[in-house]
Amino acid sequence: MTRIGRTPRTGLLRAKSVEQSIRDTDEPDSKLRKDLTAWDLIVFGVAVVIGAGIFTLTARTAGNVAGPSVSLAFVFAAIACALAALCYAEFASTVPVAGSAYTYSFATFGEFVAWIIGWDLILEFALAAAVVAKGWSLYLHEVVAVSSSVMIGPVKIDWGAILIVAVIGVLLATGTKLSSRVSLVITSIKIAVVVFVVVLGAFYIETENYSPFVPPSEAGDTGEGLHQSLFSFATGAGGSTFGWYGLLAAASLVFFAFIGFDVVATTAEETRNPQKAVPIGILGSLAIVTVLYVAVSLVLTGMVDYTELEGDESTLATAFALNGMDWAKNLISIGALAGLTTVVMVLMLGQTRVLFAMARDGLMPRGLSHTGSHGTPVRTTVLVAVIVAVLAGLVPLGTLEEMVNIGTLFAFVLVSIGVIVLQRTRPDLERGFRVPLVPLVPILAVIACVWLMVNLSVETWLRFVAWMLLGLIIYFAYSRNHSVLATPSRVRAGPET
C-alpha cells in the first residue's frame with residue numbers, strides 16, 4: 001500500500017505530503033505571521049458562531065417545530081458539531097497549515113478531492129459572509145433608523161452591507177492580530193447582551209411553560225417538489241412538527257447557528273503553538289457557544305408558552321414584549337448588530353485563508369498567495385472583499401442561505417473520513433491532539449452530518465451539484481495544469497517566488 005506521504009504525483013490522486021505542506025509555510029513571499037494564541041482562537045470561534053441566530057432562530061424553531069425541546073435540539077446539533085470538531089482538532093494539530101479542510105484533504109485524498117473541498121469552502125465562506133453582511137445592514141437600519149439601501153436607477157444597492165465588508169476588509173489586510181483585538185471588543189459586547197438577556201429573562205420564567213417539553217406530534221408541511229427535504233423526497237415520508245421527529249428536524253435547523261466554528265482551523269498557520277492552541281480554540285469556543293444557546297432557549301421557552309412564538313416573525317424580543325418589556329427590542333438589535341460584525345469578519349478571514357492556500361498550491365493564480373508587509377495575504381483579502389461586497393450589496397440572496405449549510409456539512413464529512421485515513425496511512429506523524437475511539441467517533445460524525453444534510457431541500461442539493469460541476473470545469477481547464485504538483489521539480493524546489 002502506498003503511503004500518503006509518498007503518493008505518486010500523477011493523475012487525479014496526486015497528493016502533497018504533510019511535510020511538503022509544512023515546508024511551504026516558510027516561503028518568504030507567502031509566509032503568514034504567527035501572532036495568534038489559544039485565547040485569540042477562542043475569541044474567533046465565539047465571534048463567528050454567536051450571531052443574529054441566537055436572537056431569531058431560537059424563537060422561530062421553538063414556535064414552529066420543537067416547542068420547549070428546542071434546547072435539546074441545540075444539544076443534538078452541538079454533539080454533531082463536537083464530533084466533527086474533534087476531527088478538525090486532530091488535523092489542525094498535525095497539519096498546522098492555512099486552508100483547513102482543503103489542506104487536510106490534499107494530504108489524505110489527493111489534489112482532486114482537495115480541489116472539490118476547496119471549491120466547496122469558497123461557496124460556504126463567501127456566501128455566508130454576504131448573507132450575514134445583508135443581515136448586519138438590516139439591523140443597522142433598526143438601530144439608527146436610517147435606510148441602509150438606496151436605489152440607483154433600477155438597481156437597489158445595499159450600502160450598509162458594502163460598508164461593513166469594506167471596513168472589515170481593511171482590518172483583515174492590516175493584520176490578523178488587530179482583527180482579533182477588534183473581534184474581542186465586539187464579541188465582549190454581544191456576549192454581555194446575551195448574558196443580560198438570560199439573567200433578566202430568568203426572572204420571568206414560569207415552569208408550566210416547559211410542559212409538555214416535547215409537544216405531541218402534529219401533521220406538518222415539508223413543502224412540495226424541489227422545496228421538500230431530500231429525505232422526504234426519497235422516502236415519501238410525511239412531514240411533522242413537534243414530537244420526536246420535530247425535535248430531530250429542529251436539530252437540522254438550529255445547526256445553522258453553529259456554522260463557522262471550523263474557521264478556527266484556517267488560522268492554524270498563524271498560531272504560535274498550533275498543536276495545543278488550535279484544539280483548545282476549536283473545542284473551547286464550541287463549548288462556550290453551546291452553553292449560551294441552551295441558556296437562551298431555556299429562558300425563552302420558560303418566559304412564554306411556545307404556541308405564542310408561532311410564525312416567521314418571532315424573535316427573542318417577542319418573548320420580552322409579551323412580558324411588557326418592549327424596550328428589550330433595541331437592546332437585542334444592538335447585540336445582534338455587534339454579533340453580525342464579528343461573524344462577517346471571521347467568515348471573510350476563513351475565505352481568504354482557503355483561497356490563499358489554494359493559490360500557494362497553484363490551483364488558483366499564484367499571485368494571490370503573496371503576503372504584504374503585515375504578514376497577511378493582501379491581494380486575496382482585497383479580492384474576497386470585492387466579491388463579498390458585490391454579492392451582499394447587489395444580489396438578492398434569498399434561499400441560497402441553505403447552500404452555506406450543505407457546504408459546511410460536506411466539509412465535515414470529508415474531514416471526519418480523513419482522520420481515519422491519515423491515522424492508518426501516516427501513524428508516524430506527530431499529533432498534538434488525537435481523536436479518541438477511532439474509527440467510532442469519526443464514523444458517528446459522518447452519520448450525524450449526513451443526517452443533517454438529507455434534511456435539506458432538494459432545491460439546495462441541485463444548486464450544490466451545479467456549483468460543484470462549475471468547479472470541475474475550472475479544475476480541468478486551469479487548476480490541474482497549473483498545480484505545483486503538475487511538475488515534480490516545482491514541488492521539490494518549493495513554491496515559486
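Two exercises on a predicted model follow, each with a worked solution.

Residues are numbered from 1 along each chain as its sequence is written. In this predicted model, local features need pLDDT of at least 70, side-chain atom pairs count only at pLDDT 80 or more, and totals for chains, interfaces and linings use all residues, while side-chain values use heavy atoms, with hydrogens and water left out.

**Exercise 1**

Describe the lining of the second largest pocket by element and by residue class.

Solution. 
1. A pocket is an open set of points on a 1 Å grid over the protein atoms alone, where a 1.4 Å probe fits, with protein on both sides within 12 Å along at least five of seven lines; lining residues have an atom within 4 Å of a point.
2. The second largest pocket holds about 270 Å³ of space, the volume being the space filled by probe spheres set on the points.
3. Its lining has 14 residues, and Ile122, Ala126, Gln351, Ile387 and Trp467 are the closest to the centre.
4. Helices H6 (111-144), H14 (328-360) and H15 (378-394) each give two or more residues; helices are DSSP runs (H or I, at least four residues), numbered from the N terminus.
5. H15 gives the largest share, five residues.
6. By class, the lining has 13 nonpolar residues, one polar and no charged.

**Exercise 2**

Solution. 
1. Leu437 lies in the loop between H16 and H17.
2. Leu437 is exposed, with a relative accessible area of 60%; exposed means over 50% (1.4 Å probe, protein chains only).
3. Pro439 is in the loop between helix H16 (401-425) and helix H17 (440-454).

Note on methods
Nonpolar A, V, L, I, M, F, W, Y, C, P; charged D, E, K, R; others polar. Buried < 20%, exposed > 50% of the residue type's maximum accessible area, 1.4 Å probe, protein only.
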